[in-house]
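Q: I would like a close look at a single part of this model. Please keep it brisk.

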Amino acid sequence: MMLPNEAMTIQNGLERSMKSGIIMVRRSHAGRKNPHSLMPNTDARLALIHDWLSRELHLPQVRIEVASSDASFRRYFRVFGGGGTYIVMDAPPEKEDVRPYLKVSRLLEALGAHVPHVHQADVDRGLLLLEDLGTIPYLQRLERGGDSEQLYADALAALANIQLCGATACAQLPPYGRSELAREMALMPEWFLGRHLSLTLSAAEAELLGTAFEFLIVEALAQPRVFVHRDYHARNLMVVDERNPGIIDFQDALCGPVGYDLVSLLKDCYIAWPRARVESWVRAFRARLLERGGPAGAGDAEFLRWFDLIGAQRHIKVLGIFCRLWYRDGKAGYLPDLPRTLDYLREVSARYAELGALARFLEQRVTGELPRANARIAAERARAGANP
């Protein structure tokens, strides 16, 4: 739900304007060009939200603030009124469909996961009134020295429960199949290697990438199938007082590999932990699955292999997505996370013989180019800021 560095500064105190009885707080994103996060008085969708809240839901409002926006066309507003706060999801129906969100929300809520309760929904207009899970994502708490052991214990317990109890729910989700896995990894050569690093691949390099991708697809399809959130990480877990964590941004859930959400959490593209600590968490998670008859594999080594290899698939995908978000959508906030994501892929490729050719390619052709590419974008953005 939240963009990188989403902490927003209030420009000139509060820029308030009265419109239909609502105080609208417009906040700036400290240099971020994000067309979805602005809140002008002429925003037709905002007027629609006000009308929906006041006339149809009869919710007395004090004010509406921008809560966050995400990597899609969705925006989120925090509504103060009626003795509490709510979140309104604004998903323009011509660009976003809220029905997958509603479906997955019901499935997860039935499993006991703490997702935002849906108070009201207008599917045709793309508006949802949601429970407010607060303003503190895991990443913020961790970066400020929060108790990582307790936070991850809560997150791993919630994930294990979803996987152990979610067989029926998983059967209602689309499969995370060959086509999805291949399409995701294809983003990396197009957007990361070609567009960001300006690399032209030789026929042999294209072939080695294809061989590595096929290996990872086969390995992913061999894993047991579970309910997969697909973005179960420190930006999408909220610190809440009851039934921690609050879980958001789950609308793209699929039925897929058992290791996927675990690696999303423990090899997070936004925060990294020492390998020994990660392996300890993985073994403890497997023990929890094993104790309750879940898909734990033949031993720790097999389970860790599942974890590592689906992580390679995910990080290949993310390298492409982060670059696409800049070149296609103008969102540069993810570029600083590319080195961490690449490091995960380098480490796994060097660890498994089947990915040896990929490891050599990354070291010889990719690793040295990334700092230069990121520096180039930073310089271009600085010049654009100096000469608007």
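This is a predicted model: local features need pLDDT of at least 70, side-chain atom pairs count only at pLDDT 80 or more; totals for chains, interfaces and linings use all residues.

Which residues is Asp261 in contact with, leaving aside its neighbours within four places in sequence?

A: Asp261 sits in helix 9, which spans residues 260–266. Beyond its neighbours within four places in sequence, Asp261 is in contact with Leu159, Phe227, Val228, His229, Arg230, Asp231 and Tyr232.

Asp261 is buried, yet it has no salt bridge. The nearest side chain of opposite charge belongs to Arg314, 6.7 Å away. A salt bridge needs the charged atoms within 4 Å.

Now the cysteines. The model has one disulfide. Cys170 and Cys255 form it, with their sulfur atoms 2.3 Å apart. The pair links distant parts of the chain, 85 residues apart. Cys170 belongs to helix 5 (residues 167–170), and Cys255 to strand 11 (residues 254–257). The link of Cys170 and Cys255 is right-handed, with 90 degrees about the S-S bond.

Burial next. Cys170 has 5% relative accessibility, so it counts as buried. Cys255 has 14%, so it counts as buried too. Cys269 is buried, with a relative accessible area of 3%. Cys165 counts as partly exposed because its relative accessibility is 38%.

Definitions and conventions. Residues are numbered from 1 along each chain as its sequence is written. Side-chain values use heavy atoms; hydrogens and water are left out. A disulfide is a pair of cysteine sulfur atoms within 2.5 Å. Helices (H or I, at least four residues) and strands (E, at least two) are DSSP runs, numbered from the N terminus. Buried means under 20% relative accessible area, exposed over 50%, partly exposed in between (1.4 Å probe, protein chains only). Lys and Arg count as positive and Asp and Glu as negative; His and the chain ends are not counted. Contact means heavy atoms within 4.5 Å.
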